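Please read it with the sequence and the model in view.

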Amino acid sequence: MGLRAGTWLRRWDGARARGPGERAERLVAWLLRPASRPWQAVSLAVLLGICVSTSLRGNWGSDNAFVVKAADALLAGASPYEDKRFLYLPSAVVMAVPEALLPTPVLRWLLPVGMSGLLAVGWWAALRLFSVPLRSRFAVGGFALFAIAYKPYVNLVLIGNWTAISAAALPVALLLAHRRSWVGAGLVVGLAIACKPMLVPVGLLFVLARQWRGLAAAVLLPVAVSLAGALLMPSPTLFFTKTLPFLLGGQDAYALPWDASPIAVLPRLGVPEPVAVAVAFAGAAGGLWGAWRRWRRPGETDEGQLRLVETACMVMLAAFLVSRPSFDHYLLVVLPLLLASGVRPGSMPRSPWFWLTLTPQVVLLPWPSELAHKRRAFKDCATLCGLAILLARRALLSGRVILEPVTTAGSPPRTEPECAATPAASASRTAF
């Protein structure tokens with residue numbers, strides 16, 4: 001028993017008519033359905049497994065140890081900035097005092113859970129920003145898959161870097177900004193800056209939106225807490241005379257193997273350092289120009305969420321291009337937001353190039369030995385530059401136009417004149 005040729009042709013024409021856009025929407029609709037309890041149990045097991053395995057490793061919390069050591073120095077009456085590897089504001093010392101009071105065995109188990117919890121908060125806020133159901137397959141399974149497949153996630157939980165605070169704060173701030181609570185967004189950004197000054201570039205978003213009260217909150221909160229911390233410690237001026245020059249110089253050979261900034265990576269590939277600096281700053285300038293262009297273009301298919309997310313992510317990626325150093329886990333600040341935006345038509349995750357740029361960070365993917373261990377910064381730099389280029393291209397090429405076909409009775413298909421052309425919905429392909 002078979003089908004007639006006409007039936008096959010009709011099915012083939014129907015599949016062609018649906019196209020990649022409709023297939024993507026059907027996939028999104030499936031992902032937004034409620035996750036079953038086995039899905040939820042497996043996802044929870046994955047996250048808890050990462051936390052437990054991290055607590056059992058001997059090198060857990062290596063980055064967090066510098067902050068705890070600074071808080072111990074403050075409690076002992078010494079200056080935290082005697083340690084050249086403590087690079088945060090005086091406010092971070094105050095924030096770290098509760099950790100310094102905890103016994104090491106307790107901190108060993110709480111720190112990985114806290115890191116995972118902060119990243120989960122960022123994922124939750126990104127989902128709420130795009131109105132994604134929290135019990136959906138996309139929300140439940142997506143976070144677990146991201147945690148187990150994206151290597152910088154495991155690295156961040158292992159070392160306990162305070163980048164996790166920024167990864168939680170940026171989506172929460174954008175969620176508040178979307179709800180017209182810019183002062184609240186400024187307070188969240190200011191609190192994150194007080195812990196680690198990573199979100200300083202986000203101040204440009206407040207400038208573009210002309211939200212001066214929110215900008216004042218983001219500036220005054222870390223300044224006030226830092227002044228309080230400076231009054232509590234001896235020799236706070238060491239931050240300006242010792243720590244800041246060390247940080248602006250890109251630190252030292254200890255951080256160089258993991259520094260993914262083009263300023264650090266290109267010279268390792270034989271590019272003269274002045275050329276590398278020029279390339280990095282040119283890329284950052286292009287990223288800022290793209291952020292400005294993206295902000296001036298309102299969202300076409302949503303209520304402004306894509307505009308907020310893509311502008312903020314473009315600003316952060318531009319800063320990462322010239323930051324010294326830039327580590328692999330810095331991308332965790334922007335990736336949850338970009339991934340959550342995939343539920344919107346025309347978003348960047350619907351382009352296959354987006355997933356190609358993330359390929360170097362996939363766990364268990366074999367790479368040549370020269371790209372492993374201390375040379376992994378080459379892969380990190382490729383991902384950073386790839387995301388920045390894709391997002392800037394999307395912002396800068398979004399003004400192109402397309403001609404839609406117009407048909408009339410008794411006449412062949414024709415196109416509208418240029419004056420009736422409509423803007424393209426997106427600059428990226430719709431392949432989820």
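In α14, the residues Ala280, Phe281, Gly283, Ala284, Gly287, Leu288, Gly290, Ala291, Arg294 and Trp295 meet Leu306, Arg307, Leu308, Glu310, Thr311, Met314, Val315, Ala318, Leu321 and Val322 of α15. Contact here means heavy atoms within 4.5 Å. The model is predicted, with local features requiring pLDDT of at least 70 and side-chain atom pairs counted only at pLDDT 80 or more, while totals for chains, interfaces and linings use all residues. Residues are numbered from 1 along each chain as its sequence is written, and side-chain values use heavy atoms, with hydrogens and water left out.

**Overall composition**

- The chain contains 18 helices and 4 strands; helices (H or I, at least four residues) and strands (E, at least two) are DSSP runs numbered from the N terminus.
- Of the chain's 432 residues, 48% count as buried, where buried means under 20% relative accessible area, exposed means over 50% and partly exposed lies in between (1.4 Å probe, protein chains only).
- Among contacts between residues at least 6 apart in sequence, 74% join residues at least 24 apart.

**Packing of α14 and α15**

- Two packed helices are described by the angle between their axes and the distance between the axes.
- Helix α14 (residues 273-296) packs with helix α15 (residues 305-322) at an angle of about 170°, and their axes are 8 Å apart. Axes are lines fitted to C-alpha atoms, for helices over the stretch in contact, and angles run from 0 to 180 degrees between N-to-C directions.
- The angle makes α14 roughly antiparallel to α15; angles under 35 degrees count as roughly parallel, over 145 as roughly antiparallel, 65 to 115 as roughly perpendicular and the rest as oblique.
- The contact of α14 with α15 has 13 nonpolar, 4 polar and 3 charged residues. In this classification Ala, Val, Leu, Ile, Met, Phe, Trp, Tyr, Cys and Pro are nonpolar, Asp, Glu, Lys and Arg are charged, and the others, Gly among them, are polar.
- Gly304 is located in the loop between α14 and α15, and Gly304 is buried, with a relative accessible area of 16%.
- The C-alpha atoms of Gly304 and Leu129 are separated by 10.0 Å, although the two residues are 175 apart along the chain.

**Helix α4 and its surroundings**

- Helix α4 is mostly covered, with 8 of its 11 residues buried. These are Pro90, Ser91, Ala92, Val93, Ala96, Val97, Glu99 and Ala100.
- The buried residues of α4 pack against α3 (62-75), α5 (104-129), α9 and α11 (212-232).
- Helix α4 (residues 90-100) packs with helix α9 (residues 182-195) at an angle of about 90°, with their axes 6 Å apart. That makes α4 roughly perpendicular to α9.
- Ser91, Ala92 and Met95 of α4 make this contact with Leu191, Ala194 and Cys195 of α9. By class, the residues of the contact are 5 nonpolar, 1 polar and no charged.

**Cavities and a pocket**

- The whole structure holds 3 cavities of 30 Å³ or more. On a 1 Å grid over the protein atoms alone, a cavity is a set of points where a 1.4 Å probe fits but cannot get out, and a pocket is an open set with protein on both sides within 12 Å along at least five of seven lines; lining residues have an atom within 4 Å of a point.
- The largest cavity has about 40 Å³ of space; a volume is the space filled by probe spheres set on the grid points, which are joined across faces, edges and corners.
- The lining of the largest cavity consists of Ala260, Phe320, Ser326, Phe327, Asp328, Tyr330, Leu331, Asp380 and Leu384, divided into 6 nonpolar, 1 polar and 2 charged residues.
- The second largest pocket has a volume of about 520 Å³. Its lining has 19 residues, of which Gly142, Leu145, Phe146, Leu339 and Trp355 lie nearest its centre.
- Helix α6 supplies the largest share of that pocket's lining, 7 residues, and the lining divides into 15 nonpolar, 3 polar and 1 charged.

**Backbone exceptions**

- Most residues other than glycine have a negative phi, and most peptide bonds are trans.
- A cis peptide bond with omega of about 0° joins Arg324 and Pro325, and Pro325 is in the loop between α15 and α16 (335-340).
- Ser131, in the loop between α5 and α6, has a positive phi near 55°.
- Arg180, in the loop between α8 (163-178) and α9, has a positive phi of about 70°.
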